[in-house]
Amino acid sequence: MATLLYRALVVAVVMPSVYAQLIVMNVVIEQLISAIERKDMTAYERVTPRCLNDTIQFVVDYRYHGNIKTYARQMYFSSGYLPADGEFTMTIKDFGDYDLCHAIKPEVGVNGFGGLYCFSKTDIKPLSTVTADIGVCFPDSCTDQDVPVFVSLVFSTILGRMPISYAPCARKYDLRAGDYVAILICVVLAIVIISGTLYDALRRRCRQNTRLLQTPSPRNYTLESQLLSDEDAVACQSNSDLDIHRRDNPRNCGNKCREFVQGCLLSFSLIEVGHKMMITVHGKSSIACLNGIRVLSMFWIILFHSYLFLAQYYPTIDNYRYVIETMGARWSVIPLWKGDLAVEAFLVLSGLLVSYLTLKQFDRCGGPRHHNWFLFYFHRFWRLTPVYMFVLMMYTTLVLYVSDGPLWWQWYGVQEECRADWWQHLLYINNLIPFPGDTGGCFGWTWYLAVDMQLYVLSPIFIIMFYKSRNGGVCLTTSAICVCLAISAYFATVQGMTFGADTKKYRKPEYDEGAWLYTKPWYRLPNYLVGIVLGYIFFKLNGEKVKINKFLNILLWGCAFAIGLAVVYGVDTSIRGIHISQGAAVFYVTTHRFAFSLAIGWVIFACTTGNGGLVNALLSWTAWLPLARMNYCAYLVHLIVILVYDFSLKSLYYYSTMGFAMDYIGIVVITYGVAYVVAMVVELPMIGLERVIIPSKYKRT
């Protein structure tokens, strides 16, 4: 029905003049001329006088001069089309020409105004369930409230009513108070980095022939020092990476203060930090395969978000129907939109490291009672928060000045939301507030960091139980997993949650809409516990290999791959339009992430115990190490990179497999390039600063 109505709209608007009437601005001109000839300007009462006068001048210069003025032609052809093929493509939008509009400048004796590009969005129901998004060009004397009046009148003659329309316009961005604060912080940071780097360079030059200067050695990068990557869990007890900060000889106050300042400067030295970043030698007791899993999981997450915000983002996609109906039905596309499963790998790794490293510390310090629990939590907060807040600050302020485009106005809403909600991120409760929360909102993808922090806070309960009693740990872990799965099954049932690509709910939701499962700790705890159990197993093995019968090993690998493939491709029935029973849907929603975590757990166990073969060789490749150290920053910035690209598009994005593949590669490269810079100037310096503030002798408990 909507298709027939849209066809009627196209016929009514297009047929009188097959080409000209496709341009929305042509309808605006005809309506304005008609109003002037009738001497009835009632419809334009809400338009400011200057905007109306300048628009009339444009109409006169375009329509009534024998030789149409250049600026008038620019303004006319800068405006978008009402697509004639919308009934086939499901695309009722056109950006027009953003740059051509902004190229219009005031000319003495010709026009006293420049061009103002506005992106109009109009509700045209029942012709279409989506808005008509058309880029238009008006005199820059118009306001964001003036332009919707003209656009609404275009559609009112077809709809028989005045539709709701709004048109955010692209104007010059003025620096705000928060922007000045961000600039000040960046300047101070740059001064500290330059000072630290110069001091380190001079120090190295003066002491290059002595043994007083000690640089990090590859053998220092043991499992404990993998805290440089994004899934570290507990405070690093070894301070050998910064030997200059370790002094066992008595010192007077002056020496201590001098060494403290020196340590702070060296923490921000690009020479020191760069050396650590690029080391590609595994430590003697490190779990080498974790680095490959980390990086490949991050690649998958970037692929997932790239597909969502390029191929399936309606405001920018041109061939929307092709992507949804043709590409969406192909089995090869399923891994693209199931990339959210990569988060389970992060949770398993996080649980593994916090469990393994904490248990080792229990052995060193004499048990949980002698463990420094303040530093346990302080380290995690310090490890994640400074760089997190820095990226959030840039996202909320200076990213606005990076680019521009028809959709660039969307940053305003995003940044206003972040100005109000930043404290939720600081407290790691952004996945819960406002309850039940969702996956959108300010810095929406960082719900994972909130979940990870919340599970980290709970982790000692399970770790201590395993340390005291293996059977007690198994019972507690099993009980927690069963309770969480039961809670998940309950919410999946009462909320009528859908399966895969199926959009039809099984029942009316019992509670308000929101992310009752996806971003909640009770949904993710079972996956985290898989990692905690693995950490306990590795702690007990103490580096020993496990010999598994060849045929049993092949069988277990086959089971792991089968589980992984079943979880990813199990949603194929929903793509083919098969509506399964609610019981089957609830079972999948409840268990598929836990099952995938078990498969990841087997891969880690097999690779670590000598049963990984070629898979272990790939995942343990030393080239993963530098990328793994950038992974946390890559997670923070990757969606910013995608959104900057998305909002900067000045024409509709036409999806093709090859084009998307090239875009994806570019996004990955830029993401890790930005992550490298952020890690070098914020993340790693803050890790080094912690080791200065809390010397190793105070960390030993």
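The model is predicted, so local features need pLDDT of at least 70 and side-chain atom pairs count only at pLDDT 80 or more, while totals for chains, interfaces and linings use all residues. Residues are numbered from 1 along each chain as its sequence is written, and side-chain values use heavy atoms, with hydrogens and water left out.

The protein chain has 26 helices and four strands. Helices (H or I, at least four residues) and strands (E, at least two) are DSSP runs, numbered from the N terminus. Buried residues make up 56% of the 701 residues in the chain. Here buried means under 20% relative accessible area, exposed over 50%, and partly exposed in between (1.4 Å probe, protein chains only). The accessible surface of the protein chain comes to about 30,400 Å². Carbon and sulfur atoms contribute 65% of that surface. Accessible areas come from the Shrake-Rupley method with a 1.4 Å probe; for residues, only the protein chains shown count as cover. Among contacts in the protein chain with a separation of 6 or more, 79% come from residues 24 or more positions apart. A contact means heavy atoms within 4.5 Å.

The four strands form an open sheet in the order 1-3-2-4, with mixed pairing. Strand 1 (93–94) and strand 4 are the edge strands, and each pairs on one side only. Two strands pair if DSSP finds at least two bridges between them. Strands of a sheet pair through backbone hydrogen bonds, either parallel or antiparallel. Strand 1 and strand 3 run parallel and are joined by two bridges. Asp94 stands opposite Ile134 in strand 3. Helix 7 (residues 147–159) lies across strand 2, strand 3 and strand 4. Its direction is at about 130° to strand 3. Axes are lines fitted to C-alpha atoms, for helices over the stretch in contact, and angles run from 0 to 180 degrees between N-to-C directions.

The disulfides were examined next. A disulfide is a covalent bond between the sulfur atoms of two cysteines. In this model, a disulfide is a pair of cysteine sulfur atoms within 2.5 Å. By this rule the count comes to four disulfides. With the bonded cysteines of the protein chain numbered in sequence order, the pairing is 1-5, 2-4, 3-6, 7-8.

Cys118 is joined to Cys169, S to S 2.0 Å. The torsion about the S-S bond of Cys118 and Cys169 is about 95°, so this disulfide is also right-handed. Cys118 lies in strand 2 (residues 115–122), and Cys169 lies in the loop between strand 4 (165–166) and helix 8 (177–207), so the pair ties together parts that are 51 residues apart in sequence. Cys118 is buried at 0% relative accessibility. Cys169 is buried at 8%.

A further disulfide joins Cys418 to Cys442, S to S 2.1 Å. With a torsion of about 105° about the S-S bond of Cys418 and Cys442, the disulfide is right-handed. Cys418 lies in helix 16 (residues 410–426) and Cys442 in the loop between helix 16 and helix 17; the two are 24 residues apart. Cys418 and Cys442 are both buried.

Cys206 is exposed, at 65% relative accessibility. Cys257 is partly exposed, at 44%.

Helix 11 (residues 289–311) has 23 residues and, at 1.5 Å a residue, should span 33 Å. The expected span is 1.5 Å times one less than the number of residues in a helix. The end C-alpha atoms of helix 11 are 32 Å apart, which agrees. Helix 11 is mostly covered, with 19 of its 23 residues buried.

Gln454 lies in helix 17 (residues 447–468). Gln454 is buried, with a relative accessible area of 15%. Not counting residues up to four places away in sequence, Gln454 touches Tyr428, Ile429, Asn431, Leu432 and Pro521.

Thr503 lies in the loop between helix 18 (470–494) and helix 19 (521–541). At 73% relative accessibility, Thr503 is exposed. Thr503 and His579 are 76 residues apart in sequence and 9.7 Å apart in space, C-alpha to C-alpha.
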